[in-house]
Amino acid sequence: MQQGGARRIDRRTVTRALTAAAGALALCDPWAPFPGATTVAAQETRALKDLVPRGWLIGVAINQNQSDERDTAAVDLIARQFNAISPENLLKFESVHRQPDGFTFEAQDRYVAFGRQRGMAVIGHTLVWHSQTPAWVWAGSDGGLADRATMLERMRVHIATVVGRYKGRIRGWDVVNEALNDDGTLRDSPWRRGIGDDYIAKAFEFAREADPGAELYYNEFNLATRPAKRAGAIRIVKELQQRGLRIDAVGEQGHWRLNTPTVAEIDQTITELRATGVKVMITELDVNLLPPAPPGPRGQPMPPESNPYVNGLPDDVQQALARYYADAFRVLLKHRDDITRVTFWGLSDADSWLNRGRVNHPLLWDRQRQPKPAFGEVVRVLASTK
Ligand code: XIL
């Protein structure tokens, strides 16, 4: 005891008090799992990778905290549940080739090793896209767009270097991403403006040259909700085939919303894409539960009606999400011979790109990495076919 009644507060006391306060805060964490979570948790003894049809890959997009193995709880879950990984951002042009004369491969090598060490299929995403690509790629010397030959050579070097480095180790590549407008016409991407419509064919040609053994995919969103866009994707596939180029699958990204696309639309989409002869993949699956973002600059405080699930998901929405995932997987299973991979875009709700300043709940695991009723439903649907 201190003399004179004045209690000395040492650092340990402060630390203890802070820890206790943090614990109390955690108890009223608005993101705490909903009450049903514990019952579903019991089902997590089941692994998606053991339940999917033979020949299917079931994947997850992982972030750098995961591929660097800093997020160890996530790493355990990823390894337990999935047999394929996609890189959420690491293999995009701006991550791997930010400057004209320099490639970065450290974290990328760790991503590839992460999957190889665990016997997973390692996916490459993505080579040619209008987004997350540095401006120098398209820039000409006069401040305008580079000419066709220059841009083609930049594309070739990029693909030869990145695909070549992981030759025999990356199973397949999203060669071209999102080349279409919703009406099925070709997007006015700087790649297309600089090279011409055949930039897509050229990308596939360069990718095959760099690794003849890798699978090559065309990846796109809204194929299920926009028939005209789907027709555009089919045109792209046919054109590649006519040119004698390799294309193994079309990826429908699968950024879906509750009840849209409908089961019938998913069914029709797979049937139509598969009719070209290539396989179908759902490459970036998540189910957005939030209303469209309000207009205005990002980072503004969100009006409450735009961010309704800050305190967790009400049970009726939780159940509706579970039902939607169940319906979707039932139709995917109907097409088990047409589909080769289903990949979720993120592991848990805490990891999802769909939060973006709000609180979204689009995946099978909640923010505490507890399985949601949707996980239980997907397990039930997959297990019913075994
Ligand atoms: C997203 C990532 O998840 C985010 O972290 C990043 O900020 C933006 O890109 N379609 C795609 C993916 O093909 O690459 C996108 O990923 C999501 C939409």
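Helices and strands here are DSSP runs, helices being H or I over at least four residues and strands being E over at least two, numbered from the N terminus. Counted in that way, the protein I am showing you, which is a predicted model, has 14 helices and nine strands.

Let me start with the overall picture before I turn to particular places. The protein has 386 residues, and 42% of them count as buried. If we take the contacts with a separation of 6 or more, 78% of them are accounted for by residues 24 or more positions apart.

Now to one pair of helices. Two packed helices are described by the angle between their axes and the distance between the axes. For helix α8, which spans residues 148-165, and helix α10, which spans residues 199-210, the axes come within 9 Å and cross at roughly 35°. The crossing of α8 and α10 is right-handed. On the α8 side, the contact is made by Leu152, Met155, Arg156, Ile159, Ala160, Val163 and Gly164, while α10 contributes Lys202, Ala203, Phe206, Ala207 and Ala210. Sorted by class, this contact of α8 with α10 has nine nonpolar residues, together with one polar and two charged ones.

I would next like to go through the backbone, beginning with the peptide bonds. Where do we find cis peptide bonds? One of them joins His125 and Thr126, with omega at about 5°, and Thr126 has its place in strand β3, residues 121-128. Another joins Thr260 and Pro261, again with omega at about 5°, and Pro261 sits in the loop between β7, residues 255-257, and α12, residues 263-274.

Gln132, a residue other than glycine, has a positive phi near 50°, and Gln132 is found in the loop between β3 and α8. Is Gln132 buried or exposed? It has 12 other C-beta atoms within 10 Å, and because a residue counts as exposed if that number is 12 or fewer, Gln132 is exposed.

The second residue is Arg369, also other than glycine, whose phi is positive and near 65°. Arg369 lies in the loop between β9, residues 339-344, and α14, residues 373-383. Here there are 18 C-beta neighbours inside 10 Å, and since buried would need 20 or more and exposed 12 or fewer, Arg369 counts as partly exposed.

Methods:
Residues numbered from 1 in each chain as written. Predicted model: local features only at pLDDT ≥ 70, side-chain atom pairs only at ≥ 80, totals over all residues. Axes fitted to C-alpha atoms, helices over the stretch in contact; angles between N-to-C directions. Left-handed = near helix turned anticlockwise from the far one by under 90°. Contact = placed C-beta atoms within 7 Å. Nonpolar A, V, L, I, M, F, W, Y, C, P; charged D, E, K, R; others polar.
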